[in-house]
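I opened my notebook for a friendly look through this entry. Here is what I looked up, topic by topic.

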2 protein chains.
Amino acid sequence: MQQSSLPIETVLQIRDQCLCLAAQRAARKLARRFDRLFAPLGLTNGQFSMLVALSGQWQPRLGELAEFLAMDATTMTAAAKTLEKRGLLHLIPDQADARARRPVLTEAGRVLIAQAAPLWCAEHGKLHAELAETQASTDPKALAQLLSQLG
Amino acid sequence: MQQSSLPIETVLQIRDQCLCLAAQRAARKLARRFDRLFAPLGLTNGQFSMLVALSGQWQPRLGELAEFLAMDATTMTAAAKTLEKRGLLHLIPDQADARARRPVLTEAGRVLIAQAAPLWCAEHGKLHAELAETQASTDPKALAQLLSQLG
DNA sequence: TCCAAGTAGTTTGATATCAATATAAAATGC
DNA sequence: GCATTTTATATTGATATCAAACTACTTGGA
């Protein structure tokens, strides 16, 4: 049997409409783009997001931070270890719960994120401009909210 | 200095509006969802997308397939090796160019994707329904196109 | 013809991702 | 108080991801 046992319409439907595939593609392209942007600082896009999340008043536990980033807790363990090894954050045991640890930025972490933020602003501005060109349908801000809800 | 050297407005702007972060979050959530869906078949969401792409008449080279999936060529090398090892595809040397190889589904690959497609259809239908509930703003089909363009 | 430049794919090394499992501490029920 | 259950994190193993460097082949030009 040379022909696919799958109807060609189904193949095309999945290929062109699968939100999972579309999200993976978008995520990979944007990850590469921001990884290269932050490469001079030795940061990946994910590390940037994680450090930014810790730059405000919020002092989450590892699990809470993982949930915010929609990542698995085990991934967070590994990511936090890498950043701690580089001296960008400390893992402070929670006072009330001996199981929990809270990542807290070091001074080096704050300095680095202060260097990275302007790069982000410039690049994200470009991205907005590109979106405005290709499809004026969706506001980038609304799009970010939409993407965060997906899944 | 206890306070962040980054203005709080900037932190919030990045946290709430970064399209890269939003895309990574969406990609992770959807990847988990479809990985679990296909787990009984021993497939990941990425393997499913790759096999579906090869289910039509298209017979791309590895590099062309990588470009379609917006992934790095080196990632494709590894992914193809895994699927070849499992007997789901063959890597056929290109006749005209001895450097190039074209992945071609085996019968086992066709059978497996024929089993997986109904699972995808059901789950993607649910996803559509959920999207219709939470935010009626965007058509899922248009959203897939939009996501594919991002980056 | 032959060399230089470009192209297709691979290898290596680092981090990312998650399932399954493990460990330790907290919360619950009796 | 003590046993059970739940929760927070860590460990292991497999695949995913990409940059940098590499090999082998092709192409273009002298």
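**Ground rule.** Before listing polar contacts, I noted what counts as one: a pair of N or O atoms within 3.5 Å. I also kept in mind that this is a predicted model.

**Entry 1: DNA strand D.** I began with the protein around this strand. I found 21 residues surrounding DNA strand D, and the closest are Arg28(A), Arg32(A), Arg36(A), Arg99(A) and Arg101(A).

Next I went through polar contacts to phosphate oxygens of DNA strand D. Arg36(A) places a polar side-chain atom 2.7 Å from one phosphate oxygen. For Lys81(A), an N or O atom of the side chain is 3.1 Å from a phosphate oxygen. Leu62(A) takes part through a polar backbone atom, 3.3 Å from a phosphate oxygen. That distance falls within the 3.5 Å cut-off.

I then asked which elements give two or more residues to the surface near DNA strand D. From chain A I listed helix H2 (19-38), helix H4 (62-68) and helix H5 (73-85), and from chain B helix H5 (73-85).

**Entry 2: DNA strand C.** I turned to the other strand. Here 22 residues surround DNA strand C, and the closest are Arg28(B), Arg32(B), Arg36(B), Arg99(B) and Arg101(B). The surface near DNA strand C has 10 charged, 7 polar and 5 nonpolar residues. Of the atoms of DNA strand C within 4 Å of the protein, 69% are sugar or phosphate, and bases supply the rest.

Thr77(B) brings a polar side-chain atom to 2.7 Å. Ala98(A) has a backbone N or O atom at 3.1 Å, and Leu62(B) has a backbone N or O atom at 3.4 Å. At least two residues of the surface near DNA strand C come from each of these: H5 of chain A, and helix H2 (19-38), helix H4 (62-68) and H5 of chain B.

**Entry 3: how the chains relate.** I superposed chain B on chain A with a rotation of 180° and 0.0 Å of shift along its axis, at an RMSD of 0.0 Å. The two copies are therefore related as by a two-fold rotation axis. I also saw that 100% of the interface residues of chain B are interface residues in chain A too, so the copies meet through the same surface.

**Entry 4: cysteines.** Cys18(A) is buried at 3% relative accessibility. In chain B, the sulfur of Cys18(B) is 5.1 Å from that of Cys20(B), its closest cysteine sulfur, and this is too far for a bond. Cys18(B) is buried as well, at 5% relative accessible area.

**Entry 5: Asp94(A).** I finished in the loop between strand E1 (89-93) and strand E2 (101-105) of chain A, where Asp94(A) lies. Is Asp94(A) buried or exposed? With a relative accessible area of 12%, Asp94(A) is buried. The Asp94(A) side chain reaches the backbone nitrogen of Asp97(A) at 2.9 Å. Leaving aside residues up to four places away in sequence, I noted that Asp94(A) touches Arg61(A), Ala100(A), Arg101(A) and Arg102(A).

Technical notes:
Residues numbered from 1 in each chain as written. Chains lettered and ligands numbered in written order. Predicted model: local features only at pLDDT ≥ 70, side-chain atom pairs only at ≥ 80, totals over all residues. Heavy atoms only, no water. Near = heavy atom within 4 Å. Polar contact = N/O pair within 3.5 Å; in protein donor to acceptor, adjacent residues only side chain to side chain. Helix = DSSP H or I, 4+ residues; strand = E, 2+ residues; numbered from the N terminus. Buried < 20%, exposed > 50% of the residue type's maximum accessible area, 1.4 Å probe, protein only. Disulfide = S-S within 2.5 Å. Least-squares fit on C-alpha atoms with pLDDT ≥ 70 in both. Contact = heavy atoms within 4.5 Å. Nonpolar A, V, L, I, M, F, W, Y, C, P; charged D, E, K, R; others polar.
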